Amino acid sequence: MNKRLESKSKHAPALRDVLGAIVAGARAARNMVYSFALAGSVGVTSWYKRRARVVNEFPALRLCSASDRLLVVVPHPDDEVLACGGAILSALEAGASVHIVFLTLGDGFWIDAALLAHHWRPSWEDNLKLGQRRLREAQNASKSLGLPKENLFFLGYPDRGLMPMIRLEGSDAVYHSIYTGVDRVPYKEALSPEAQHTLGNLLGDLETVLERVKPTVLLAPSSRDAHPDHQASAELVARTLGSRRDIRRYEWIIHGGLEWPLPKGFHPRLALVPPPRGRGLSWERLDIDHDQVRTKSQAIGAHHSQVLLMSRYLNSFARRNELFAQVAAEESDEQPTQPDSGARKV
Ligand SMILES: [Zn+2]
């Protein structure tokens, strides 16, 4: 291009200068972006190091004794290990009973389904196969933690559909999953197979789990978590438990913002620092010994479909501690929300 400009126009030198200035400007802008990125990275790393020192000052959490019954509520398979793997191991070692309830089977993770199905437009059937696979992975992960599959409840409601189901409250509409094409629980292993995707059915299943487990301690996502299914889970638990004070409740965060947790990868001796989205929560530190971190990492590995995509991210939760914040029961004399009596499981 420059040769042609030089030979054909008397204004070529001026034009060349302008183009040169544009190129130089673009290079300067690019270098500036790189500089900001590097400075930002260094700044974030230093911020996380400062926060790591704060973790040691958090109260040490003794979650369970032998008489406790722990219930872990999770939106997707893998959340139970990432957020609570160490807590589950500690509770089992203390002699407590442990149960986990999975609200969905993560069948809306289409990138994962595409990867496993070897094509870029996974079908509804591919997403359902992913859900089945994640159910088996959850069973294997729990086995790694020492938990039999009899202690797991799979509700099988739609991935990325929990918040829409809450928003449908008051209408007669049934939520139709855009990922699986179904409007009812499609898994035979679920607590209520074929139950329609209604808020009433979901709350009813949660009530059933509470009645069977009779937990004294409950771990569930925080409403501050960035993922809408996690936010919805927090709301569902709050509605189900209402003002009950006979259950100690703690919340945790996975999607915590700002690339949390850093650094990525398996760093068993590093502290898990509080997530940016958890600012202001009264965190308590549950310490995990080295063997427990190793076991937690093995359990993460059992979620093979997820590790295929996000190994370093998932393993960045295998640290020397987990973080939980106690949730106060609602200041209300009202009874816990009952499932909509008009909603039928069919
Ligand atoms: Zn999740």
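Two residues are in contact, for this talk, if their C-beta atoms, placed from the backbone, lie within 7 Å.

The structure is a predicted model, in which local features need pLDDT of at least 70 and side-chain atom pairs count only at pLDDT 80 or more, while totals for chains, interfaces and linings use all residues. Residues are numbered from 1 along each chain as its sequence is written.

I will begin with the overall counts. The protein has 10 helices and seven strands. Of its 346 residues, 42% are buried. Buried is assigned if 20 or more other C-beta atoms lie within 10 Å of the residue's own, exposed if 12 or fewer, and partly exposed in between, with C-beta atoms placed from the backbone. Among contacts between residues at least 6 apart in sequence, 77% join residues at least 24 apart.

Next, the core. A nonpolar core here is a set of buried Ala, Val, Leu, Ile, Met, Phe, Trp, Tyr and Cys residues joined through C-beta atoms within 7 Å. The largest one has 75 residues, and the members that touch the most others are Val72, Val73, Ile88, Phe102, Phe154, Leu155 and Leu219. Helix 3, residues 79-94, supplies the largest share of this core, with eight residues. Taking leucine 155 by itself, and setting aside neighbours within four places in sequence, its contacts are Val101, Phe102, Leu103, Ala190, Leu191, Leu202 and Asp205.

Two packed helices are described by the angle between their axes and the distance between the axes. Axes are lines fitted to C-alpha atoms, for helices over the stretch in contact, and angles run from 0 to 180 degrees between N-to-C directions. For residue classes, Ala, Val, Leu, Ile, Met, Phe, Trp, Tyr, Cys and Pro count as nonpolar, Asp, Glu, Lys and Arg as charged, and the others, Gly among them, as polar.

Helix 9 spans residues 290-302 and helix 10 spans residues 304-315; they pack at about 140° with axes 8 Å apart. From helix 9, Ser297, Ile300, Gly301 and Ala302 meet His304, Val307, Leu314 and Asn315 of helix 10. By class, this contact of helix 9 with helix 10 has four nonpolar, four polar and no charged residues.

Then helix 5, residues 124-145. Its angle to helix 9 is about 165°, and the axes are 8 Å apart. Helix 5 is therefore roughly antiparallel to helix 9. The cut-offs are under 35 degrees for roughly parallel, over 145 for roughly antiparallel, 65 to 115 for roughly perpendicular, and oblique for the rest. Helix 5 passes helix 9 in a right-handed crossing. A crossing is right-handed if the near helix is turned clockwise from the far one by less than a right angle, and left-handed if anticlockwise. On the helix 5 side, Glu137, Asn140, Ala141, Ser144 and Leu145 meet Thr295, Gln298, Ala299 and Ala302 of helix 9. The contact of helix 5 with helix 9 divides into four nonpolar, four polar and one charged residue.

Helix 3 also packs on helix 9, with axes that come within 9 Å and cross at roughly 135°. Helix 3 and helix 9 are therefore oblique to each other. The crossing of helix 3 past helix 9 is right-handed. Val81, Leu82, Gly85, Gly86 and Leu89 of helix 3 make the contact with Gln292, Thr295, Lys296, Ala299 and Ile300 of helix 9. The class count for helix 3 with helix 9 is five nonpolar, four polar and one charged.

One more residue in helix 9 is aspartate 291. Aspartate 291 is exposed, with 9 other C-beta atoms within 10 Å. From C-alpha to C-alpha, aspartate 291 is 9.7 Å from proline 268, and the two are 23 residues apart in sequence.

Last, backbone geometry. Which peptide bonds are cis? The bond from tryptophan 260 to proline 261 is cis, with omega near -5°, and the bond from leucine 262 to proline 263 is cis, with omega near -15°. Proline 261 lies in the loop between strand 5 (248-252) and strand 6 (283-287), and proline 263 is found in the loop between strand 5 and strand 6.

As for phi, aspartate 78 has a positive value near 110°, and glutamate 194 has a positive value near 75°. Aspartate 78 is in the loop between strand 1 (69-74) and helix 3, and is buried, with 27 other C-beta atoms within 10 Å. Glutamate 194 is in the loop between helix 6 (162-167) and helix 7 (199-213), and counts as partly exposed, with 14 C-beta neighbours inside 10 Å.

How values were computed:
Helices (H or I, at least four residues) and strands (E, at least two) are DSSP runs, numbered from the N terminus.
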